[in-house]
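Please consider the structure shown here.

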Amino acid sequence: MKRRVLSVASECVPLLKTGGLADVVGALPKALAVHGWDMRVLMPAYPGLAETMKRPKVVWTDTDLFGGPAQVLGGRVEGIDVLLLDAPHLYARDGGPYSDDSGDYADNPERFAALCWAAAEIARAGLSDGWRPEVVHAHDWQGGLAPVYLRQAGVEDVRSVITVHNIAFQGRAGADKLDALRLRPDDFTSEGFEFWGDISALKAGLVMADAITTVSPTYANELMRGEFGMGLEGVLQARAGVLHGILNGVDTDVWSPDTDPAIHPYSARTLSEKRKNRAALIKEFGLGPVPGPLAVVVSRLTTQKGLDLLPDRLAEFTWRGGGLVVLGSGGPEIEMALRHQADLNPRRIGIRTGYDEALSHRIFAGGDAVLVPSRFEPCGLTQMYGLRYGTVPLVAATGGLADTVIDANPAAVSAGVATGIVFHTTDALGLEQALRRLIALYDDTKTWRQLQRNGMKAELDWTRSSAAYATLYEGLFE
Ligand code: ADP
Ligand code: GLC
């Protein structure tokens with residue numbers, strides 16, 4: 001019989017995505033099925049999601065889930081078993097999943113506590129169709145309270161795992177919310193979920209879960225340091241024995257240049273076809289000829305991603321022959337600075353904002369290089385999409401970026417293993433030097449082809465990492 005795991009998350013492809021978390025949550029069920037694990041994904045029924053399910057069944061109900069009635073609708077969406085927590089008082093909002101134009105929803109702590117409460121109840125008593133998980137796998141702070149509620153409910157035969165996708169978001173709430181969040185005051189201590197006088201949902205998960213994972217081996221090490229741990233480094237040091245860095249994979253059904261319906265298809269053997277995508281992208285953005293590398297960015301426009309450093313580097317980069325195409329979301333200041341550069345140099349720099357999945361595929365296919373100069377990056381997916389599409393990644397040496405890209409230093413080039421450019425200090429000079437290397441490498445056609453081909457060959461699918469998750473789950477019962 002298949003073993004059963006309940007994934008608890010705030011987003012999941014193909015239902016709702018604001019970032020890489022959704023890609024990963026959506027890819028894991030397929031990847032784990034191979035190892036005999038039946039994973040169902042519990043997430044909020046944000047407006048419109050229930051309609052995407054064919055004949056959903058009510059599999060769980062509650063008359064008072066943090067202030068109103070709730071039910072869980074079970075069904076399949078594109079091959080994933082999804083459980084939608086339908087609680088209109090919490091999730092029927094006009095804005096996005098976390099915020100609207102006036103900022104974060106004030107009741108976010110309750111909204112995601114409710115998700116965790118439902119998860120723990122499902123683990124305790126099972127769904128009405130008889131399904132009951134052996135493992136609860138929570139993601140980020142939104143899933144952080146699930147291990148706490150499991151413990152409060154005295155559920156002893158179900159194990160819990162929490163995955164940190166980004167420690168910058170910690171789910172803090174004032175201590176006055178203890179009652180509202182149905183938390184026991186005994187655990188409001190520095191060994192429990194108290195964090196600088198507040199409740200921290202992420203810390204709660206880190207302290208209470210049976211195992212902790214994060215999305216790359218390097219980030220697992222970084223998290224234990226003050227520069228990266230964002231105040232939780234001590235907690236992670238204390239739990240180092242149960243902390244595992246498991247690299248994210250790429251969903252190769254979606255991200256493969258030879259089968260991608262959004263582009264002119266090509267493979268490592270037909271790399272010259274990639275040119276058609278480059279030409280189409282240049283046309284789509286209204287650029288003129290770009291003699292040097294066409295760099296691309298598909299990203300949230302935030303300081304995490306180091307993109308505040310980019311605008312001031314562009315005059316030199318374009319003067320040396322480079323071009324730039326950006327698809328960005330959020331971050332009005334960085335957007336303005338990039339737009340200013342695009343206005344100064346519209347034949348070399350193009351920018352689009354908003355969220356556009358199909359365009360992102362055309363950009364990865366059409367670019368020569370993808371820029372990911374992050375200050376920290378738990379895993380990062382776009383550098384991996386770049387590798388798969390022969391779009392050479394230029395990345396900062398941090399987190400998953402350091403674990404997925406091999407720098408084109410002379411040793412790696414002569415050994416024939418290099419896949420990109422890795423620079424060490426995310427500051428203005430670091431990025432400037434990396435962009436100069438990009439120009440020079442692009443000119444060296446032979447080495448450039450080697451980088452492209454090596455990247456396209458790299459094993460980036462979920463095979464290895466899903467096996468690591470399965471082994472981790474199984475180990476929890478030993
Ligand atoms: P993060 O989750 O920190 O934002 P990741 O690299 O892990 O970073 O994942 C980002 C995901 O979101 C990738 O799948 C990327 O292609 C996608 N993405 C980011 N911005 C946009 C956008 N404006 N339009 C379409 N896709 C985007
Ligand atoms: C977070 C991180 C990103 C990671 C993604 C999926 O959003 O910022 O680096 O790839 O989660 O794990």
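This is a predicted model: local features need pLDDT of at least 70, side-chain atom pairs count only at pLDDT 80 or more; totals for chains, interfaces and linings use all residues.

Residues are numbered from 1 along each chain as its sequence is written, chains are lettered from A and ligands numbered from 1 in the order in which they are written, and side-chain values use heavy atoms, with hydrogens and water left out.

Ligand 1 is surrounded by 19 residues, of which the closest are Lys 17, Gly 20, Arg 300, Lys 305 and Gly 354; a residue counts as near a molecule if one of its heavy atoms lies within 4 Å of it. Several polar contacts can be named, a polar contact being a pair of N or O atoms within 3.5 Å; within protein, one must be able to donate a hydrogen and the other to accept it, and residues adjacent in sequence count only if both atoms are side-chain atoms. In the side chain of Lys 17, an N or O atom is 2.8 Å from an oxygen atom of ligand 1. Asp 23 places a polar side-chain atom 3.0 Å from an oxygen atom of the ligand. At Gly 354 a polar backbone atom is involved, 2.8 Å from a nitrogen atom of ligand 1. Taken alone, ligand 1 exposes 560 Å², and the protein buries 93% of that; accessible areas come from the Shrake-Rupley method with a 1.4 Å probe, and for residues only the protein chains shown count as cover.

Which elements give two or more residues to the shell around ligand 1? They are α1 (20-33), β15 (294-300), β16 (323-329) and α13 (382-388). Helices (H or I, at least four residues) and strands (E, at least two) are DSSP runs, numbered from the N terminus. By class, this shell divides into five nonpolar, eight polar and six charged residues. Ala, Val, Leu, Ile, Met, Phe, Trp, Tyr, Cys and Pro count as nonpolar, Asp, Glu, Lys and Arg as charged, and the others, Gly among them, as polar.

Ligand 2 has 13 residues around it, the closest being His 165, Asn 248, Glu 377, Cys 379 and Gly 380. An N or O atom in the side chain of His 165 is 2.6 Å from an oxygen atom of ligand 2, and for the side chain of Gln 304 the corresponding distance is 3.3 Å. Pro 378 takes part through a polar backbone atom, 3.5 Å from an oxygen atom of ligand 2. Taken alone, ligand 2 exposes 310 Å², of which the protein buries 92%. The shell of ligand 2 receives the most from α1, which gives three residues. Its classes are five nonpolar, six polar and two charged residues.

Helix α1 also meets helix α18 (residues 463-475): their axes come within 9 Å and cross at roughly 75°. Axes are lines fitted to C-alpha atoms, for helices over the stretch in contact, and angles run from 0 to 180 degrees between N-to-C directions. The two helices, α1 and α18, are therefore roughly perpendicular to each other; angles under 35 degrees count as roughly parallel, over 145 as roughly antiparallel, 65 to 115 as roughly perpendicular and the rest as oblique. Leu 28, Ala 31 and Leu 32 in α1 are in contact with Ser 466, Tyr 469, Ala 470 and Tyr 473 in α18, where contact means heavy atoms within 4.5 Å. This contact has six nonpolar, one polar and no charged residues.

For helix α16 (residues 428-443) and helix α17 (residues 445-457), the axes come within 5 Å and cross at roughly 105°. Among the residues of α17 that meet α16 is Thr 447.

Two backbone features complete the account. The peptide bond from Val 13 to Pro 14 is cis, with omega near 10°, and Pro 14 lies in the loop between β1 (3-8) and α1. Glu 78 has a positive phi, near 45°, in a residue other than glycine.
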